[in-house]
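Hi,

Here is the structure I promised to pass on. Have a look first, and my notes follow below.

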Amino acid sequence: PRVKVANGVVATAALADASTVTPALAPDKFQRIINEKYNADIHFLINQANIRDGQLKTAEMLTLNEKIKDASADKQREIEEINISSYASPEGALDLNTRLAENREKNTSAYMKNQLKKDKITEFGELTANFTPEDWEGFQKLVSASNIQDKELILSVLSMYKDPEQREKEIRNLSSIFDQLAEQILPQLRKSRITASINVIGKSDEEILQA
């Protein structure tokens, strides 16, 4: 036989009604355009601005070129900008470093233009370029992250002196430390960095409604 479990409830009247209830709205985190950045470094020998073949075949350079090619062929991606930033390490005369950084920028820009032409990429937003004669900011970051002995002494010199020539003179006076800098830090600052800014474009309102 049937067994009574509980009294039933008809709750239809208690359902939310759009005419009597104020909805709580929360913003979503949907982004139609998501920007992605890919970069690769080309390193140079001391006092040189020519691009060596080996630097164009590194894993990060090959990956960067592939990302740019893939974005060019994808309707859902847009190359917003390609930027080239070139640097010289902060040792030696300022006028020499200025010429070095400028020539590294010119050579890297010429390479990038040829590569885009070779890959038949015509839509790449804007190709911009700039150079920094003496990369003291990068020098400070690399020293801070290194295990160089007496690195605190080097950082204190950077904070005490703002004049580039005075900075270099004081650091060179630390002869035992300067040898470590010349081997571990300075080569990393002789470079051009190529950065591709790529927009990933999401579905339009019409495509979302259709889905």
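**Notes on the model**

Leaving aside its neighbours within four places in sequence, S144 is in contact with K151 and L155, where contact means heavy atoms within 4.5 Å. Before going further, the housekeeping: this is a predicted model, with local features needing pLDDT of at least 70 and side-chain atom pairs counting only at pLDDT 80 or more, while totals for chains, interfaces and linings use all residues. Residues are numbered from 1 along each chain as its sequence is written, and side-chain values use heavy atoms, with hydrogens and water left out.

Back to S144, which sits in helix 3 (residues 136–145). Helices here are DSSP runs of H or I with at least four residues, strands are runs of E with at least two, and both are numbered from the N terminus. S144 counts as partly exposed because its relative accessibility is 35%; buried means under 20% relative accessible area, exposed over 50%, and partly exposed in between, with a 1.4 Å probe and protein chains only. From S144 to L116 it is 28 residues in sequence and 37 Å in space, C-alpha to C-alpha.

**Helix 3 against helix 4**

The axes of helix 3 and helix 4 (residues 151–160) come within 10 Å and cross at roughly 155°. Axes are lines fitted to C-alpha atoms, for helices over the stretch in contact, and the angles run from 0 to 180 degrees between N-to-C directions. Helix 3 and helix 4 are therefore roughly antiparallel: angles over 145 degrees count as that, under 35 as roughly parallel, 65 to 115 as roughly perpendicular, and the rest as oblique. Their crossing is left-handed, i.e. the near helix is turned anticlockwise from the far one by less than a right angle, with clockwise being right-handed.

Which residues meet? From helix 3 there are W136, F139, Q140, V143 and S144, and from helix 4 there are K151, I154, L155 and L158. By class, the residues of this contact are six nonpolar, two polar and one charged. The classes go like this: Ala, Val, Leu, Ile, Met, Phe, Trp, Tyr, Cys and Pro are nonpolar, Asp, Glu, Lys and Arg are charged, and the others, Gly among them, are polar.

In the loop between helix 3 and helix 4 you'll find I148, which is buried at a relative accessible area of 4%. Not counting residues up to four places away in sequence, I148 touches I154, I177, Q180, L181, Q184 and I185. I148 and A182 are 34 residues apart along the chain, with 12 Å between their C-alpha atoms.

**Helix 1 against helix 2**

For helix 1 (residues 59–73) and helix 2 (residues 94–118), the axes come within 11 Å and cross at roughly 50°, so the two are oblique to each other. This crossing is right-handed. M61, N65 and I68 in helix 1 meet Y111, M112, Q115 and L116 in helix 2. That contact has five nonpolar, two polar and no charged residues.

**Two positive phi values**

Phi of N47 is near 60°, positive in a residue other than glycine; N47 lies in the loop between strand 1 (33–43) and helix 1 and is exposed at 51% relative accessibility. Phi of K120 is also near 60°. K120 is in the loop between helix 2 and strand 3 (126–132) and is exposed, with a relative accessible area of 72%.

Cheers
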